[in-house]
Amino acid sequence: MPDGALSTSDLPPVFAGWFAARGWRPRAHQLACLEAARGGRSHLLIAPTGGGKTLAGFLPSLIEIAEAGARRSNCERRVHTLYISPLKALAVDIARNVETPVREMDLPIRLETRTGDTPASRRQRQKYNPPDILLTTPEQVALLLANKDAARFFGGLKTVIIDELHSLIGVKRGQLLALGLARLHRLAPGLRCVGLSATVPDPQPLLDFLTPQNAGVDEAALIRAEGGVKPIVRVLNSENRIPWAGHSARHSWTEVYEAIKASKMTLVFVNTRSQAEMTFQALWSMNDDNLPIALHHGSLDVERRRKVEAAMTRGGLRAVVCTSTLDLGIDWGDVDLVIQIGAPKGASRLTQRIGRANHRMDEPSEALLIPGNRFEVLECIAAKDALDEGALDGEAPRDGALDILAQHVLGMACAEPFFPDELFAEVISSAPYRDLPRETFDEILEFVATGGYALKTYERFRRIVKTPEGRYRVRNPETAQQYRMNVGAIVEAPAFNVRLVSTKGPRRPGRILGTMEEWFIEGCAPGDTFLFAGEVLRFEGVDGPDALVTRAPDEDPKIPSWNGGKFPLTTYLAERVRKMIHDRKSWRAMPDPLREWLEMQREVSVIPKPDELLVETFPHTNRFFLVCYPFDGRLAHQTLGTLLTRRLERLGLQPMGFVPTEYSLSIWGRQDMSGVDMAALFDEDMMGDDLESWLQESVLMKRTFRDCAVIAGLIERRYPGVQKTGRQVSFSADLIYDVLREHEPNHVLMKAAWADAAGGFLDLKRLSNLLARIKGKIRRSDLTRVSPLAIPVMLEINKTVIHGEAQEAMLKEASDALIAEGMRRA
Amino acid sequence: MPDNAAINAAIEVNGESLVATAAGALYWPAQEALIVADLHFEKGSSFARRGVMLPPYDTRTTLKRMKVLAERFQPRAIVSLGDAFHETGAEARMDEEDATLLDALMAGREWIWVLGNHDPAPPTRFAGEVCEEMKLGSLVLRHEPTQGAAPGELAGHLHPCARVRADGSTQRRRCFASDSERMILPAFGAYAGGLNVLDEAYAGMFGELTAWVMGARGVYPFASGALVRDPQSPAQRAAG
């Protein structure tokens with residue numbers, strides 16, 4: 001311990017006594033946090049789960065409130081510490097955890113939670129009789145700040161603790177919170193912000209998050225918890241054949257089951273909800289030992305999820321098959337093994353998932369990676385190597401989103417009238433918005449007031465109006481009500497409850513099993529079967545907000561999959577995989593089939609250098625193929641495929657379709673593409689007009705726009721279970737998008753949607769980096785038949801066919817098929 | 001021609017040959033008439049009055065789409081089949097430039113406003129003939145479709161749209177709903193919503209219903225058996 005640092009003896013006697021009574025000593029990082037807090041300094045604590053992080057965060061507050069406790073009178077009571085968690089359930093659990101030392105030391109401290117579930121009466125009471133420590137969520141903070149009482153309510157605030165801060169960086173929820181923090185810093189000068197985080201590649205964005213930017217305030221102190229043992233990671237070398245394609249890892253299910261059997265408690269992470277269902281079903285069918293295995297993913301009913309979590313904490317389970325829903329949260333008991341099925345996608349994510357195991361810091365976590373196909377073997381090895389080296393991948397967070405800013409501005413107008421100059425200064429003191437140009441801020445202000453259109457016809461309907469002294473205030477209580485109904489950065493996809501009904505007699509409504517996206521239910525016909533909540537269910541029909549289902553245990557699910565949660569492979573991991581493929585020495589560490597596969601590729605085609613792009617052409621079954629291997633993730637490949645197809649179309653090469661995978665892209669058509677000038681085909685200028693004209697009709701772009709429009713408060717949120725009534729009052733966001741795009745393609749909301757698309761489903765940054773990287777480095781290989789490296793993507797072709805014009809084509813085909821059928825009958 | 005890529009569909013109704021365009025208007029070659037339903041001008045500003053600031057360009061978009069069709073077909077007459085204005089007072093909110101566009105569209109041809117429930121009173125700012133309904137050839141044109149069978153009727157009001165299933169997903173698009181005797185036109189207005197043709201509101205209106213579904217570049221026929229309902233309440237399902 002460095003000189004001058006605090007030691008146990010610096011704790012107040014009651015606290016020192018409490019530690020001693022439990023046979024504990026405060027950990028070094030807990031004391032470091034205390035020291036920073038005493039100096040009034042914001043700080044970031046990076047520690048693995050289970051490192052006493054929660055206590056480290058709360059200890060300074062507990063001491064401060066306890067010391068002041070004797071001196072203060074009851075009427076002075078104001079919120080001293082605000083704890084913010086990205087998960088509602090976590091806030092509730094943490095409250096319970098912190099209550100323990102408070103009770104055991106008999107401290108005069110009141111803790112309360114405030115979430116969407118808190119009854120209105122308690123929320124009201126909290127306003128005039130606040131607790132010392134309030135535990136809540138980012139959305140509730142926004143609501144409290146938009147209240148007329150906000151200045152008084154938060155005036156005495158000393159500390160803000162933000163848990164799982166790493167999960168809030170670079171996402172809209174975090175950006176909304178950052179804006180809220182900027183307001184809190186103004187309402188409570190000298191406010192100390194504490195961030196708690198899992199291991200991250202780059203702590204700088206987190207440090208910036210905690211203190212006002214552009215304001216001459218000291219940067220937050222960085223405190224890292226001691227040591228932690230490196231995890232032991234293995235890549236499963238399955239005894240069975242490694243599949244060419246697919247992600248299910250079906251060939252390894254028996255080995256997964258055996259690993260579960262050999263451990264006390266296993267978390268089995270998968271990448272999608274449908275994969276979770278499939279894996280769970282498979283494990284259950286081979287569960288001769290009757291192991292208590294459970295399922296946990298975001299579509300399952302909350303009650304069901306809570307039950308699983310409780311069972312884990314009790315130690316009543318041997319394994320849980322889960323998705324990213326268990327990436328965050330408190331310690332779920334004694335997990336001694338983490339299994340990742342399918343591609344790990346990124347080293348940081350994998351590190352955090354593995355961190356869920358063995359929450360004793362002096363023991364290594366154990367992890368088993370199960371690749372689903374050959375490329376995933378490469379990815380798993382790359383991820384394992386990265387972890388062994390302690391390397392993490394990370395990308396700079398995106399700038400603050402404009403739809404979030406619009407929501408915040410309206411909220412601030414609801415709180416109290418503001419001068420634009422002052423609000424702007426406040427906004428740019430938050431890290432995500434520190435580079436926001438004043439013009440953009442003014443555009444947002446005008447958007448909030450009138451929609452911000454060039455055609456000025458809405459002046460008289462303004463939502464925020466200027467007072468004589470130049471402040472902006474909200475026009476009327478209805479507008480404030482609109483804001484409160486709309487607060488939050490998450491737009492849930494419209495969804496149905498999945499409700500069980502009895503098969504016999506009158507259909508009595510039964511339990512709700514969870515929720516399912518609207519598009520999926522719309523695509524279901526009565527009688528269709530699918531896997532959900534660990535059972536095969538038959539779709540019976542829709543009743544208001546419910547999709548009615550019956551149990552169909554004896555049937556094979558007809559609709560095998562539905563989406564949910566797909567992250568692209570990180571740039572960092574992709575680079576490692578590219579290097580590995582090129583480096584023949586590293587092939588030695590691979591399973592035999594992999595090595596043979598790459599040797600074969602070397603023989604019949606080409607092994608590209610790490611910075612090269614291999615482009616192969618070959619004929620196959622009456623068609624001509626072009627396959628390239630950028631390794632830049634499915635999203636970027638999909639965009640690339642769309643753009644290349646348009647170009648090939650213009651060259652008269654009649655492309656018919658394309659399919660992207662995480663690693664490669666395959667395009668096919670009626671004509672030989674070996675004569676194409678590849679340098680010109682892959683030129684960066686495709687990011688201009690081709691992209692523009694495609695986006696005009698893109699369904700995903702429209703969906704992105706809708707989400708932005710909802711967050712920005714342009715259109716109202718649809719709440720699950722609340723169906724729109726009145727057929728002609730409803731309008732669709734698609735129609736608005738078409739009209740706005742035609743007249744004001746540079747409108748601020750279009751900019752917001754574009755930024756989301758570029759960073760999201762289009763992955764434009766990735767694509768433009770890819771095109772820049774391979775300029776002048778295209779390695780072509782014109783072949784007479786399919787190459788070994790091409791096999792995986794060729795196998796995907798029959799499963800998913802995507803084409804830019806797919807929708808129109810589908811419509812025409814469906815209609816043509818019907819006509820043909822009708823003609824035959826006649 | 002501006003959108004010659006679009007494939008229009010020829011449809012027979014009560015013995016008359018009509019052309020359904022992918023833009024959602026109906027052209028009647030024998031009468032040289034262009035028929036549009038449910039324009040809902042100023043729906044955007046109607047929402048803005050209540051604090052929902054939809055882009056104020058819906059009227060302009062609707063007019064421009066009409067202009068493209070007028071230039072292509074050079075109709076002798078244009079018929080608006082009711083609900084041209086979203087509400088009383090909408091007319092007065094119309095931007096000057098939009099009003100000029102509309103005037104230009106009306107110039108040199110016959111223009112008929114069939115009145116609808118959203119615009120029960122004749123427009124005061126614009127010219128054109130006004131009627132509750134009109135006869136043309138063997139057809140009668142009115143806003144609200146008649147319950148039960150109504151041979152020879154062209155109407156609007158219901159904003160028909162169809163949901164089509166293909167490859168495990170569905171698409172919902174505006175459509176012309178017709179059998180050989182009558183037709184309900186899709187809403188033409190840029191912000192107009194839609195009502196599924198399988199809804200109870202259409203019950204008893206058609207013999208063998210065909211939904212002529214509007215794609216981006218063509219109009220595609222679907223028999224009613226190939227259509228999908230919207231997720232609905234049980235009452236609606238029972239009635240359907």
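A: The answers below cover the domains, the surface and the nonpolar cores.

Q: Where do the coordinates come from?
A: This is a predicted model, in which local features need pLDDT of at least 70, side-chain atom pairs count only at pLDDT 80 or more, and totals for chains, interfaces and linings use all residues. Residues are numbered from 1 along each chain as its sequence is written, chains are lettered from A and ligands numbered from 1 in the order in which they are written, and side-chain values use heavy atoms, with hydrogens and water left out.

Q: Which domains does chain A have?
A: The assignment gives domain 1 (8-224), domain 2 (232-389), domain 3 (495-551) and domain 4 (605-809); such bounds come from an automatic or database domain assignment.

Q: How much of chain A is buried?
A: Of its 826 residues, 57% count as buried, that is, under 20% relative accessible area with a 1.4 Å probe, protein chains only.

Q: What about the largest nonpolar core?
A: It has 129 residues, and A:Val160, A:Leu640 and A:Phe682 have the most contacts inside it. Such a core is a set of buried Ala, Val, Leu, Ile, Met, Phe, Trp, Tyr and Cys residues joined through side-chain atoms within 4.5 Å.

Q: Why does this core lie between domain 1 and domain 4?
A: Both domains of chain A give residues to this core, so it lies between them.

Q: And which residues does A:Phe682 touch?
A: Leaving out residues up to four places away in sequence, its partners include A:Leu613, A:Leu640 and A:Ile778; contact means heavy atoms within 4.5 Å.

Terms used
Buried < 20%, exposed > 50% of the residue type's maximum accessible area, 1.4 Å probe, protein only.
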